[in-house]
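Subject: Handing over the structure

Dear colleague,

Here is the structure I promised to pass on to you. Please open it first, and then read my notes beside it.

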Amino acid sequence: MYVRRKPAWDTIPESEITPREVYLDRRRFLAAAGIGIAGAALGPVRAAALQEAPQVGEVTYGEALRADVNDYDLITTYNNFYEFGTGKADPARNSGDFRPRPWTVEVGGEVARPGRYDLDDLIRSAPVEDRIYRLRCVEAWSMVIPWRGIPFRNLLARFEPTAEARFVAFETVYRPEEMPGQRRRVLDWPYVEGLRLDEAANELTFLATGLYGRDLPNQNGAPLRLVVPWKYGFKSIKSIVKITFTRSMPPTSWNLSAPHEYGFYANVNPEVDHPRWSQARETRLPGLAKRPTLPFNGYGEQVAHLYRGMDLTRWY
Amino acid sequence: MVLTRTRVRLLKGAVWAAASWPLLQTGWRWFFGDRLGANPLEVMILGSGLSAVVLLIATLAVTPLRRVTGWNALQRLRRLLGLWAFAYATLHVTVYLALDQGWAWSYILEDVTERRFTIVGALAFVLLLPLAVTSTRGWVRRLGRRWVLLHRLVYPAAGLALLHYTWGQKADLRGPLIAAAVMALLFGVRFGVRRPGRRGPARTGSGGASPAAPVVGPRTLP
């Protein structure tokens with residue numbers, strides 16, 4: 001049974017552990033040095049291009065995390081996206097051939113309005129927001145990312161799921177010619193994920209089309225990815241081409257691959273360990289510092305009620 | 001004789017260069033490069049573990065290679081390779097204890113009692129410890145034939161290390177499969193190819209003068 005407690009993060013200042021200023025200062029110094037050299041050698045045009053560092057603008061959610069936001073370079077060069085390779089640097093390296101446009105999303109199953117939706121048309125149907133969320137990977141590291149996108153609940157209104165719909169299944173594109181990682185059966189392609197309908201309708205559930213106010217880079221799941229910040233990162237499926245509303249719990253890729261290690265729910269939970277390591281702490285990147293992992297990744301107030309009465313050790 | 005001594009010296013130099021390469025490269029990245037990127041812990045713990053496995057396999061390869069090639073000078077590299085494997089294993093364990101767990105003994109205890117992944121890894125390291133300690137000439141002389149028996153612990157240690165490596169993967173088993181294939185090949189040669197001067201295939205049974213006995217024993221030492 002889930003016992004609701006005072007959130008532990010009330011007492012932990014987010015900025016206490018991450019030495020981001022140190023990191024930023026170093027980067028700024030390097031950038032300045034680069035501009036100096038490039039400026040002398042190549043003139044003012046090239047120097048201006050070097051200065052263009054992505055900034056986080058106004059956000060509609062997660063303002064308190066602003067000081068902890070990770071660097072754009074880190075977010076876009078350290079990725080788990082097995083479609084482009086299993087190494088963390090592989091997605092940034094191997095996703096150059098991927099074409100995120102034109103893009104359509106096939107919506108089907110228990111909905112009143114099934115069909116193939118053009119992505120740009122889909123995005124226009126709701127106001128785009130910028131939100132800062134924590135991302136907690138099941139591998140016990142975490143980041144803070146400024147996403148751009150639309151709340152999934154806004155699309156629910158458009159698709160009109162029927163009374164029979166209880167789950168939402170998502171599917172990643174299958175393009176082995178553009179995604180070299182799919183040429184090996186590391187996982188059973190295409191990657192599939194799913195949420196309970198009430199989870200999908202939660203205010204936090206987000207469909208991201210960008211980060212740092214820019215379009216999503218291919219390695220981060222272009223052009224459309226899910227973001228469910230209270231669940232481990234692998235639930236946030238990337239490059240979505242199919243959304244199906246179902247009556248029963250849909251299969252999910254990591255659960256199929258290793259059922260004892262990855263469940264359907266995959267809620268961030270410091271008390272339920274991965275069979276191979278503890279989930280009680282996490283490394284906030286970049287660096288080595290550990291911090292305690294928060295129940296539901298710190299979003300308990302928004303989502304804990306979804307799991308009231310459930311044994312979260314059993315439904316991991 | 002002079003030629004052989006030079007050759008051994010060259011081979012040992014090559015082992016030093018190759019075995020220290022991952023350590024030097026990582027050190028360079030830390031001090032002069034990108035400080036090991038976004039997740040230094042991942043780089044250090046996976047890098048040291050992989051180096052330990054590769055060098056352990058290299059150590060196990062010495063006798064089979066010698067048997068196939070007849071190049072006995074190779075035997076002189078075995079201790080060096082084994083000690084390098086142990087050095088990386090020690091580094092791996094130290095990174096885990098100090099950086100991953102921050103000496104938090106409650107978590108460490110939980111890992112080595114409840115999780116098979118950590119249990120087999122720890123066991124492999126514990127088995128390597130006495131081998132490293134007794135690798136000196138003094139211990140070889142003191143232990144005599146028991147030295148040979150004791151150092152057969154390298155086989156279960158290698159098996160456990162391979163298991164640890166395999167269980168450490170999320171889905172991509174390429175690395176462990178390659179390691180397993182090489183180990184299987186080495187054992188095949190080790191116990192399948194006849195020893196020079198013997199009739200019939202080498203015995204694989206236990207007890208007596210097993211073919212597992214290395215050429216460098218107490219008797220062949222100066």
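This is a predicted model: local features need pLDDT of at least 70, side-chain atom pairs count only at pLDDT 80 or more; totals for chains, interfaces and linings use all residues.

Residues are numbered from 1 along each chain as its sequence is written, and chains are lettered from A and ligands numbered from 1 in the order in which they are written.

Chain B has 9 helices and 0 strands, where helices (H or I, at least four residues) and strands (E, at least two) are DSSP runs numbered from the N terminus. Of the 222 residues in chain B, 24% are buried, a word that applies if 20 or more other C-beta atoms, placed from the backbone, lie within 10 Å of a residue's own.

Two packed helices are described by the angle between their axes and the distance between the axes. In chain B, helix α5 (residues 116-133) and helix α8 (residues 154-167) pack at an angle of about 150 degrees, with their axes 8 Å apart; axes are lines fitted to C-alpha atoms over the stretch in contact, and angles run from 0 to 180 degrees between N-to-C directions. α5(B) and α8(B) are therefore roughly antiparallel to each other, the term for angles over 145 degrees. Among the residues that meet are B:F117, B:L127 and B:L131 from α5(B), and B:L160 and B:W167 from α8(B). The residues of this contact divide into 14 nonpolar, 2 polar and 1 charged (Ala, Val, Leu, Ile, Met, Phe, Trp, Tyr, Cys and Pro count as nonpolar, Asp, Glu, Lys and Arg as charged, and the others, Gly among them, as polar).

Finally, the contact between the chains takes 15 residues from chain A and 13 from chain B, two residues being in contact if their C-beta atoms, placed from the backbone, lie within 7 Å. On the side of chain B, α2 (40-69) and α4 (105-114) each supply at least two residues.

Best wishes

Definitions and conventions. Angles under 35 degrees count as roughly parallel, over 145 as roughly antiparallel, 65 to 115 as roughly perpendicular and the rest as oblique. A residue is buried if 20 or more other C-beta atoms lie within 10 Å of its own, exposed if 12 or fewer, and partly exposed in between; C-beta atoms are placed from the backbone.
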